[in-house]
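The following paragraphs lead the reader through the structure shown below. Attention goes to the confidence of the prediction, and then to selected places along the chain.

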Amino acid sequence: MKKMFIFLCLCSWSLAGVCGAEVKSASVTEGDSVTLESALTEIQSDDLIMWRFGPKREILLATISRKDNKVKVVYGSDGRFRDRLKLGSHTGSLTITNSRNSDSGLYTVTSSSSNIPLNTFSLTVYARLPAPVISNSSSVQYCSVVCSVVNVSTASLCWYKGNLVLSSISVSDLSISLSLPLEIVCLDDSYSCVINNPISNQTIQLNNTDLCQPCPETSVLRKVWIISAASGSLLILAAIVIFCIWRKLRNTNQEAI
């Protein structure tokens, strides 16, 4: 029974970091800050808190010793975290500022008073999404356009009609350019191109009549709306003029009496 327990622990190491410790997911956009909590409400008087980075916790990042009230930031052996780490001296939280893609990985916080890690985080740093660009494409019968983005990784590019996905393309772990064509008969206001990753998105509407001819019914509705709005404005103006004339005549009659 003991051997089976040890075996299960070893099998779950890659998923949980250590036996019995849950790996929590965290994510941030490149350049932003992220705070990883230690799970402590307060560090005990004789406790030693250590933050480590890496799948085997091989890189020491910082320590907090409540015994002698020392807070030490090591920044790691390779210097990648230089001047970008902040420690919460009260709870032992770790804040990473100006996050980079190379910061992605496992972070583990341990306590000298516990046999298992207090918390283990799998952090993913996503690159900032560029704004998509819509350009024209050659076609004789239809309106053909292409939505493009450059230098993206771990993202999806989609064409929408309203809330309906018309087409999509995805990329992961590579920095490449994406292009997604769209062919429609005519243009209305419901088409949009969206680039997104799990924590952010960028949207551009297809509303450029230089690229596509508007649908006939859309043009008619717009003309009707414009005419109606103009007519409504004229009616309001006429009502104001009539009211002013009536009021002036009323005042004149009262003065005559």
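Among the elements of this predicted model, helix H1, which covers residues 2-11, has the lowest mean pLDDT, at 40. The highest mean, 97, belongs to strand E2, made up of residues 34-36. For the chain, the mean pLDDT is 82, and a value of 70 or more is reached by 82% of the residues. Over residues 1-20 the pLDDT stays under 50; for this stretch the model has 15 contacts beyond four places in sequence.

Leaving aside residues up to four places away in sequence, Lys 67 touches Ser 45, Asp 46 and Asp 47. Lys 67 and Ser 45 lie 22 residues apart along the chain, while their C-alpha atoms are separated by 5.6 Å.

The surface also carries a nonpolar patch, formed by Leu 234, Leu 237, Val 241 and Ile 245. Together these four residues have about 390 Å² of accessible area. One of them, Val 241, is placed in helix H3, which covers residues 216-256. Val 241 has a relative accessible area of 42% and is therefore classed as partly exposed, a class that lies between the limits of 20% for buried and 50% for exposed.

Conventions:
Residues are numbered from 1 along each chain as its sequence is written. This is a predicted model: local features need pLDDT of at least 70, side-chain atom pairs count only at pLDDT 80 or more; totals for chains, interfaces and linings use all residues. Side-chain values use heavy atoms; hydrogens and water are left out. pLDDT is the predictor's confidence in each residue, from 0 to 100. Helices (H or I, at least four residues) and strands (E, at least two) are DSSP runs, numbered from the N terminus. Contact means heavy atoms within 4.5 Å. Patches are made of residues with over 30% relative accessible area and no salt bridge: like charges are joined within 9 Å, nonpolar side chains (Val, Leu, Ile, Met, Phe, Trp, Tyr) within 5 Å. Accessible areas come from the Shrake-Rupley method with a 1.4 Å probe; for residues, only the protein chains shown count as cover. A salt bridge is a side-chain nitrogen of Lys or Arg within 4 Å of a carboxyl oxygen of Asp or Glu. Buried means under 20% relative accessible area, exposed over 50%, partly exposed in between (1.4 Å probe, protein chains only).
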